[in-house]
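Could you open the structure in your viewer and keep the selection tool at hand? We will go from stop to stop together.

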Amino acid sequence: LTKRTVWIVISCIAIGIFGGIAANPLQIGVSVVEENPLIEDIRIIQKTDPGKWISQTAWAENIPTLAGAPTISSLHYYPDFNLWKVLDPTGAKSDIYNRFAHLRFSVTDSDNSEITLSSNDVVAATVPLRDLKILKVKYILSMDNLDDFNHNSYGISFNLIKSYPGFYIYKIQY
């Protein structure tokens with residue numbers, strides 16, 4: 001019994017060490033995040049001219065959050081009802097956003113906001129340009145070029161700060 005126990009313990013330790021060495025997070029580390037030029041630039045922007053961010057990046061809504069920037073569109077453990085009062089003043093969609101959720105935003109030049117539950121834990125919200133000022137959004141990280149939004153009736157301008165392959169950082173001027 002003692003010999004078998006020793007071999008079982010040795011086998012378990014060997015499997016644990018091999019599994020730990022073979023796992024990607026242990027091989028790669030956090031340099032993927034820490035040394036990412038996009039995240040570094042968001043940190044610099046946030047240090048020099050702090051402001052609230054919104055991310056229009058589909059599955060990558062937490063990028064500004066990774067950089068330490070206050071981000072509306074990110075993972076919310078509890079709903080921010082002050083935010084939702086702006087987007088859903090009547091509370092008609094409260095059954096959708098009253099939950100743990102990943103919030104994915106997109107900006108629109110229409111006057112209507114739209115809130116949908118795109119999967120069990122993902123809430124998609126379309127934000128009208130007029131609501132950006134109410135939400136006090138200063139920066140947008142987007143996968144889309146937002147230059148077409150500069151011709152709007154609200155006097156809001158989107159100034160491109162920097163672009164990356166697949167991403168754009170805009171500063172909003174009201």
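Contact, on this tour, means heavy atoms within 4.5 Å. Please keep in mind that the model is predicted.

**Stop one: a histidine in a strand**

Select H102, which sits in strand 3, residues 101–108. Which residues does H102 touch, leaving aside its neighbours within four places in sequence? Show E61, N62, S74, L75, D121, V122 and V123: each of them is in contact with H102. Since buried means under 20% relative accessible area, H102 counts as buried at 19%.

Now colour the four strands that form an open sheet in the order 1-6-8-7, with mixed pairing. At the edges you will find strand 1 and strand 7 (157–164), each of which pairs on one side only. On average, neighbouring strands of this sheet are turned by 25 degrees against each other, direction ignored.

Zoom in on strand 7 and strand 8 (residues 167–173), which run antiparallel and are joined by seven bridges. These two strands form a hairpin with two residues between them. Click on G166 in the turn, where phi is positive at about 90 degrees. Then step along the pair: L160 has Y170 in strand 8 as its bridge partner, and K162 stands opposite I169 in strand 8.

**Stop three: the helix across the sheet**

Are the two partners buried or exposed? K162 is partly exposed, with a relative accessible area of 39%, while D41 counts as buried at 16%.

**Stop four: other salt bridges**

Six salt bridges turn up in a search of the whole structure. Select R43 and E34 for one of them, with the closest N and O atoms 3.7 Å apart. R43 is partly exposed at 26% relative accessible area, and E34 is partly exposed too, at 41%.

Next, pick D131 and R130, a salt bridge whose closest N and O atoms are 2.8 Å apart. Here D131 is buried, with a relative accessible area of 2%, whereas R130 counts as partly exposed at 33%. Show D49, K138 and K171 as well, which are joined into one network by salt bridges that share partners.

**Stop five: two positive phi values**

Most residues other than glycine have a negative phi. With that in mind, select A58, in the loop between strand 1 (52–56) and helix 5 (63–66). Its phi is near 55 degrees, a positive value, and A58 is partly exposed, with a relative accessible area of 43%.

Then move to K136, in the loop between helix 8 (129–134) and strand 6 (137–142). Phi of K136 is also positive, near 60 degrees, and K136 counts as exposed at 60% relative accessibility.

Methods. Residues numbered from 1 in each chain as written. Predicted model: local features only at pLDDT ≥ 70, side-chain atom pairs only at ≥ 80, totals over all residues. Heavy atoms only, no water. Buried < 20%, exposed > 50% of the residue type's maximum accessible area, 1.4 Å probe, protein only. Pairing = 2+ DSSP bridges. Axes fitted to C-alpha atoms, helices over the stretch in contact; angles between N-to-C directions. Salt bridge = Lys/Arg side-chain N within 4 Å of Asp/Glu carboxyl O.
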